[in-house]
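This report covers contacts between side chains, surface charge, backbone geometry and separations along the chain. The structure comes first.

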Amino acid sequence: MCGIVGFVGSEADALPFLLEGLQRLEYRGYDSAGVAVVQPQGLAITKREGKLSRLAAALASAPVSGRCGIGHTRWATHGRPTDINAHPQVDCRQRIAVVHNGIIENFQPLRRELEAKGHRFRSDTDTEVIPHLLEEYGATEDLVEAVRRAEARLKGAYAFLAVAADHPDRIVAVRRSSPLVVGLGQGENYLASDFTAFLRRTRRALVLENGDVAVVTPEQVDISDGAGVPVKRPVLQIDWSLEQAERGGYAHFMLKEIMDQPQAWADCLLGRVEEGQVVVEALGLSRPRLEAVRRIKMVAAGTAYHAGLVGKALVEELARVPVDVEVASEFRYRHPLLEPGTLVVAISQSGETADTLASVALAKRLRVPVWAITNTVGSTLAREADAVAYTHAGPEIAVASTKAYTTQILVLTLFALALAAARGRPRPDLVSQLAGLPEAGSQLLESLAEAMAGYGQDLARHRDVFFIGRGLDWALAQEGQLKLKEISYLHAEAYAAGELKHGTLALIEDGVPVIALVTQPQLWEKTLSNILEVKARGACVWAVARADAPAIPADLRIAVPAFEPLLMPVLAAIPLQLLAYWTAVARGEDVDQPRNLAKSVTVE
Ligand code: F6R
């Protein structure tokens, strides 16, 4: 994620806008922040680890003035959140500064190449290769040409802004797969990751397209496309309220985060698959390390635990390595049997959940290696684990976890595939399907957009809801029930479909909603008979089914695009998240901040 802003004016100072814009973008990242302002004597750079308020305080006691500047609020992806890793990043002589949102996939070879040429790097970020490339390509003489040449060397998804002390009247901006918009003012122009940053100042904006390079001065915005051909982008009139804009126009962060998922999946997969194979190093692991794994113990809490349940099925099916998944609050107080060859996999969005951290500490005491899956660079979990893979979902603000869950599953899928390959069971067919998930997710979100609010209204009238499924569908059912109960406060429970008749069937009576997951072809027939059992007792069945599933005796059928069964949970999670969301909305509950809950459970 990360938020970036830029200001260039003929009279006004840049700093007030930079701080105001960053404050509006803080939802995109908040582990460190910084600004660079162009001054006659050079660049004035101020950066601080921590929330934006720390940067603002530093600038209040040592203000900087100048009419052109850039700013950044960070959600770390490479390098811990520290003053040095905060953006802007600069070249060797501090004459060029860059703020960047996204990931430069090939930063390591570029860094080696630049270091061999004598460039001195200060940070651990991928971003820092950009100012050094700009320096190498003569940005002090021609910033635009240098940006073009540098951009041709970069791989990944990113947007960046560059300023140079020798060109005090301009910002050069590049957009490649990460968002970037230009706000059009009077005698001043703005750049930002989204409209929110400048809505108080202007509602006229341009959206840059992939490959665009824009040269922004106080009076002009010159854009050329990826081929270097000058282009005009239409001027939009933005009519969002400020509050709406912060959530990208959505009523709640949860809905925004559900809708963000296709992009989050693309970011999560970026640089991790090459030529039909998982890039093991991009998961923080190595082939020898994988070859040494004999057993896996996953530890996590809540939704992350549910991701672990999916992970167990994937690893056991693909790699044939036994996996146990444990609730961290239990694991930490047991005397676990961790045989030699065990890998502990700790899963946590925040990387700060007390029980998960205590489980990691226990594993370390027992000298068992720990691999972490987290969304938060620089978190305690990321620091404590022996190796770490980031989910790259961007900040998750809503208490109910959505995009963190599906990206955790994606990382676990990559892990299962890599482990399988290391054990001589490669599945290039599955690896190649991964790239299609973001597009399928977008289509699914689009196809569900209209109907889900109505389904939520229907469900909101009930008191108890049951979720059933088999295999991976049961793992997913457990997440479906948690999502629903935590934000709508309905009583919801998940059952392995075949287990119903061992007791729970007694609760099924006329009209009770049963949400049946039917995404696993090898289990369709069995789940269908369980659906018939509850139907016979009067249940109202809603089936979330793979698009090519056979006829289901359900009262409602929600179709999910057909992918390999092992990849279905990522997609099938979407209708369950939307159902929970719209049910909570229909009941008038506080969707983003449900009662009694907190986003990060840092105490026992
Ligand atoms: C539910 C939810 C929680 C978290 C749990 C673990 O929507 O968000 O159940 O999954 O508190 O949090 P992390 O992943 O930060 O360790």
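## Salt bridges

E151 and R176 form a salt bridge, with 2.6 Å between the closest N and O atoms; the term applies when a side-chain nitrogen of Lys or Arg is within 4 Å of a carboxyl oxygen of Asp or Glu. The pair links distant parts of the chain, since E151 is in helix α5 (residues 143–153) and R176 in strand β8, 25 residues apart. Helices (H or I, at least four residues) and strands (E, at least two) are DSSP runs, numbered from the N terminus. E151 has a relative accessibility of 9% and therefore counts as buried, while R176, at 29%, is partly exposed. Buried stands for under 20% relative accessible area, exposed for over 50%, and partly exposed for values in between (1.4 Å probe, protein chains only). The model is predicted: local features need pLDDT of at least 70, side-chain atom pairs count only at pLDDT 80 or more, and totals for chains, interfaces and linings use all residues. Residues are numbered from 1 along each chain as its sequence is written, and side-chain values use heavy atoms, with hydrogens and water left out.

In the whole structure, 32 salt bridges are found. Another of them joins the side chains of K297 and E326 (2.9 Å, N to O). Because K297 lies in strand β18 (residues 295–300) and E326 in strand β19 (residues 323–327), this pair ties together parts that are 29 residues apart in sequence. Both K297 and E326 are buried. Salt bridges with shared partners join R295, K297, D324, E326 and R334 into one network. A salt bridge is also formed by the side chains of D464 and R463 (2.9 Å, N to O); R463 is exposed, with a relative accessible area of 63%.

## Aromatic pairs

A pair of aromatic rings is described by the distance of the centres and the angle of the planes. Rings of Phe, Tyr and Trp (its six-membered ring) pair if their centres lie within 6.5 Å; planes under 30 degrees apart count as stacked, over 60 as edge-to-face and the rest as tilted. The count by this rule is ten aromatic pairs. In one, the ring centres of F7 and F17 are 6.0 Å apart and the planes are at 35°, so the pair is tilted. F7 belongs to strand β1 (residues 3–9) and F17 to helix α1 (residues 15–24), so the pair ties together parts that are ten residues apart in sequence. Both F7 and F17 are buried.

F17 also pairs with Y190, again in a tilted arrangement, at 4.9 Å centre to centre and 50° between the planes. F17 is in helix α1 and Y190 in strand β10 (residues 188–192), so here the parts tied together are 173 residues apart in sequence. Y190 is buried, as is F17. Ring pairs link F7, F17, Y190, F195 and F198 into a cluster.

## Surface charge

Which residues gather in a patch of positive charge on the surface? They are R294, R320, R423 and R425. Patches are made of residues with over 30% relative accessible area and no salt bridge, with like charges joined within 9 Å. R425 lies in the loop between α14 (403–422) and α15 (428–434), and its relative accessibility of 38% makes R425 partly exposed.

R320 is located in the loop between α10 (302–319) and β19. R320 is exposed, with a relative accessible area of 53%.

## Backbone geometry

Most residues other than glycine have a negative phi, and most peptide bonds are trans. R320 has a positive phi of about 55° although it is not a glycine. Y489, also a residue other than glycine, has a positive phi near 65°; Y489 sits in the loop between α18 (472–488) and β24 (491–496).

The peptide bond between H87 and P88 is cis, with omega about 5°. P88 is placed in the loop between β4 (68–74) and β5 (89–90).

## Separations along the chain

A554 is in the loop between β26 (540–546) and β27 (556–560) and is partly exposed at 24% relative accessibility.

Technical notes. Patches are made of residues with over 30% relative accessible area and no salt bridge: like charges are joined within 9 Å, nonpolar side chains (Val, Leu, Ile, Met, Phe, Trp, Tyr) within 5 Å. Accessible areas come from the Shrake-Rupley method with a 1.4 Å probe; for residues, only the protein chains shown count as cover. Lys and Arg count as positive and Asp and Glu as negative; His and the chain ends are not counted. The place of a charge is taken as NZ of Lys, CZ of Arg, CG of Asp or CD of Glu.
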